[in-house]
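Visitor: I have a model open and would like to talk through how it is put together. Can we go through it piece by piece?

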Amino acid sequence: MPLDIRELSEVPALDEELAARLARVDFPTLGHYLEEGFCDPTLGRVAGAGRLVGRAVTVRITATDSTMLHHAAGLVGPGDVVVVDCGGDRRHAPLGEVVVHALAARGAAGAVVDGVCTDIGALREVGLPVYAYGTSLLTTKLHGIADQAMPPVSAPSPVTATTRRWSSPSSRRALARPAA
């Protein structure tokens, strides 16, 4: 399957003023008013600290191949949040030390994996906020069976949209909202 990488220039970066406003929101209070946009409560922060707010750069991978994630890691910009759809796989970890260092070097705000991650000690040392369902020693490989970058993803949130504002509270839980 050919790579499907869309130009990130087609998707505007999150407005800095909006990002600053979102970072001040008390997210648990939103639960009193909203019914949608909340991630599975078992999705939690495994590394990093602070709030995570930014433009969502979505990546869909196959269960065993993270080729597309590696390509996307070289395209993200400052403040971007990489959201990885693992197709429901909770065994193979697509995100670890190498990818997190690449994201940090490009100025990404953090990553959200609809699956598991690896190299947890290194991830915590880097300090980039990472949300996942846990950790695994079994990792994805670079088979070149790439899927898509910037697809509409439905996980880890019930909100399906190509571009989302990603927000996480300072606690371990998460919320995703469609971009306006």
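Visitor: Let me start with L52: is it buried or exposed?
Guide: L52 is buried, with a relative accessible area of 1%, and this is a value computed from a predicted model. The residue lies in strand 2, where eight of the nine residues are buried, so that strand is largely enclosed by the rest of the structure.

Visitor: And how far is L52 from G110?
Guide: Their C-alpha atoms are separated by 6.6 Å, although L52 and G110 are 58 residues apart along the chain.

Visitor: What does strand 2 pair with?
Guide: Strand 2 pairs with strand 3 in the parallel sense, over five bridges. Within that pairing V57 has V82 as its bridge partner, and V59 stands opposite V84.

Visitor: How buried is strand 3, then?
Guide: Five of the five residues of strand 3 are buried, so the strand is largely enclosed by the rest of the structure. In a regular strand the side chains alternate between the two faces of the sheet. In strand 3 both faces are covered, with V81, V83 and D85 buried on one side and V82 and V84 buried on the other.

Visitor: Which way do strand 3 and strand 4 run?
Guide: Strand 3 and strand 4 run parallel and are joined by five bridges, with V81 standing opposite G110 of strand 4. Strand 4 also has five of its five residues buried, so it too is largely enclosed by the rest of the structure. Its residues G110, V112 and D114 point one way while A111 and V113 point the other way, and all of them are buried.

Visitor: Switching to the side chains, how many residues are in the largest nonpolar core?
Guide: The largest nonpolar core has 25 residues, and those with the most contacts inside it are V82, L95, L103 and V130. At least two residues of this core come from each of strand 1 (44-47), strand 2 (52-60), helix 3 (67-73), strand 3 (81-85), helix 4 (97-105), strand 4 (110-114) and strand 5 (130-132). Helix 3 gives the largest share, with four residues. As a general point, in soluble globular proteins nonpolar side chains tend to be buried together.

Visitor: What does L103 touch, ignoring its neighbours within four places in sequence?
Guide: With those neighbours left aside, L103 is in contact with A73, V76, V82, L95, A108, A111 and L128. There is also a second, separate core of eight residues, which includes L43, L52, A56 and Y131.

Visitor: Back to helix 3: where does M68 stand, buried or exposed?
Guide: M68, whose place is in helix 3, is buried, with a relative accessible area of 0%. The C-alpha atoms of M68 and V84, which are 16 residues apart along the chain, are separated by 9.9 Å.

Visitor: I also noticed R55. What does its side chain contact?
Guide: The side chain of R55 makes a polar contact with the side chain of D80, at 2.8 Å. R55 has its place in strand 2 and counts as buried because its relative accessible area is 8%, which falls under the 20% cut-off.

Visitor: How many aromatic pairs are there?
Guide: A search of the whole structure finds zero aromatic pairs.

Visitor: What about the backbone, and what is the phi of D119?
Guide: D119 has a positive phi of about 55 degrees although it is not a glycine. For context, most residues other than glycine have a negative phi. D119 is found in the loop between strand 4 and helix 5 (120-126) and is partly exposed, with a relative accessible area of 37%.

Visitor: To finish, how many helices and strands are in the whole chain?
Guide: The protein chain has five helices and eight strands, and read along the sequence they follow the pattern α-α-β-β-α-β-α-β-α-β-β-β-β. Of its 180 residues, 48% count as buried. Among the contacts with a separation of 6 or more, 74% are accounted for by residues 24 or more positions apart.

Methods: Residues are numbered from 1 along each chain as its sequence is written. This is a predicted model: local features need pLDDT of at least 70, side-chain atom pairs count only at pLDDT 80 or more; totals for chains, interfaces and linings use all residues. Side-chain values use heavy atoms; hydrogens and water are left out. A nonpolar core is a set of buried Ala, Val, Leu, Ile, Met, Phe, Trp, Tyr and Cys residues joined through side-chain atoms within 4.5 Å. Buried means under 20% relative accessible area, exposed over 50%, partly exposed in between (1.4 Å probe, protein chains only). Contact means heavy atoms within 4.5 Å. Rings of Phe, Tyr and Trp (its six-membered ring) pair if their centres lie within 6.5 Å; planes under 30 degrees apart count as stacked, over 60 as edge-to-face and the rest as tilted. A polar contact is a pair of N or O atoms within 3.5 Å; within protein, one must be able to donate a hydrogen and the other to accept it, and residues adjacent in sequence count only if both atoms are side-chain atoms. Two strands pair if DSSP finds at least two bridges between them.
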